[in-house]
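Open the model in your viewer and keep the selection panel at hand. This tour goes from one selection to the next.

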Amino acid sequence: MAKLLNVQAFKDFFRSGQIGGVILLVCVAVSLFIANSSYAPAFSALLATDLGITFGTQVYSFSVSAWINDALMAVFFLLVGLEIKREMIEGELSSIKKASLPVIAALGGMLVPAFIYFIFNKGESTASGWGIPMATDIAFALAIISMLGKSVPTSLKVFLAALAIVDDLGAILVIAVFYTNEVHFDYLLMAGGVMALLIAFNFFNIKPLYFYLIPGIFLWYFIHHSGIHATIAGVLLALTIPTNKTNVESPLEKLEHLLNGPVNYFIMPIFALANTNITFQKEMIDGLASPLGLGIIIGLFVGKTIGVTLFSWVGVKLKLGSLPTRSGWKHIIGLGMLAGIGFTMSIFISLLSFSDELHITEAKFAVLCASVISGLVGFIFLKSIRKKGPEVIA
């Protein structure tokens, strides 16, 4: 890769993210309106509709909701994975110190919220939901920080993207180990074979993108059927896309540039529209003060903020990592707040944690409230740092 990396794709990623973030929030509002109107049954039926293709006796069909959450989200994770890889090669994550801190921060952002939830729900029937506040919704978190524009340093956005990726991968591992009833190792083995093929293509410097995207579809399919969340296929595929050592646009940069618009203007809005359809019920309000509700809200908002900040501080003091360029500790605190936007993955884990519909309903509403609080407070806090004067240099 060239010494001066082509950063246009990265600029486009966050520039489009600002507009895409507004569209995303509008879709959240529209989805909530639909879920609490007479259109709710028809919308739910639409999301449950099966779509697919048939080859002979083989039927490959999934619900509209599954296509959105598993297939389209894998494309989003592919885009973010491309950005992370590029930054690891030459950028904010190119040194061990810079790359290690997001991992350390993500670890704190998972352990502290889970511990807070455990304290509130120890001995309760809801104790199995300890994984709910561990997750960060990378889509919404990046949308919020992108809307801040120049109010925060670009390095902080990259740091949040890396932290959220590690966080979500951690959540996926938690789901695979603790919330997956059955893992199909035959499909995992086939996914491993496809991954080995992709790595071989990269090793032999094969550049055409179709050599990666076509096997990537099979990688997604095998991982999806293995019982592990299919979105991890996007990240794995991104790691194999080749770069180059010249000023000529690399396959990685080309694919990243191609995906910016579709992800920000179509995939994420559709995702928000499909996943925010929460029908409000009286039990939801009562549930906010229950151990379940308190564990989720305090775990996501307070736990994420403390976990990310504390572990980052320990990592820096032990010289295991360094703060993002032109960022200070106030930025890390604000970033920790944004990490409390759990939403999608938290709601997904809620569905896996409980069989009681009331618990699921209370958990989803608590996640929504915690995510709104984390997003609003984090946005206002980070915005206020710039207003107070020049950025603090760590």
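How many residues does helix H8 have, and how far does H8 reach from its first C-alpha to its last? Select residues 210-226 of this predicted model. H8 has 17 residues and reaches 24 Å, close to the 24 Å expected at 1.5 Å a residue.

Now colour the buried residues of H8. They are Tyr212, Pro215, Gly216, Leu219, Trp220, Phe222, Ile223 and Ser226. Step past the end of the helix to Gly227, which follows H8 and has a positive phi, near 100 degrees.

Next, the aromatic rings. The whole structure holds 13 aromatic pairs. Show Trp67 and Trp220: their ring centres are 6.1 Å apart and their planes lie at 15 degrees, under the 30-degree limit, so this pair is stacked. Trp67 sits in helix H3 (residues 64-89) and Trp220 in H8, so zoom out to see a link between distant parts of the chain, 153 residues apart. Which of the two is buried, and which partly exposed? Trp220 is buried, at 11% relative accessible area. Trp67 is partly exposed, at 30%.

Move to Phe201 and Phe211. This aromatic pair is edge-to-face, with 5.5 Å from centre to centre and 80 degrees between the planes. Phe201 belongs to helix H7 (residues 185-203) and Phe211 to H8, so the pair ties together parts 10 residues apart in sequence. Phe201 is buried, with a relative accessible area of 15%. Phe211 is partly exposed, at 29%.

Definitions and conventions:
Residues numbered from 1 in each chain as written. Predicted model: local features only at pLDDT ≥ 70, side-chain atom pairs only at ≥ 80, totals over all residues. Heavy atoms only, no water. Helix = DSSP H or I, 4+ residues; strand = E, 2+ residues; numbered from the N terminus. Expected span 1.5 Å × (residues − 1). Buried < 20%, exposed > 50% of the residue type's maximum accessible area, 1.4 Å probe, protein only. Phe/Tyr/Trp six-rings, centres within 6.5 Å; stacked < 30°, edge-to-face > 60°.
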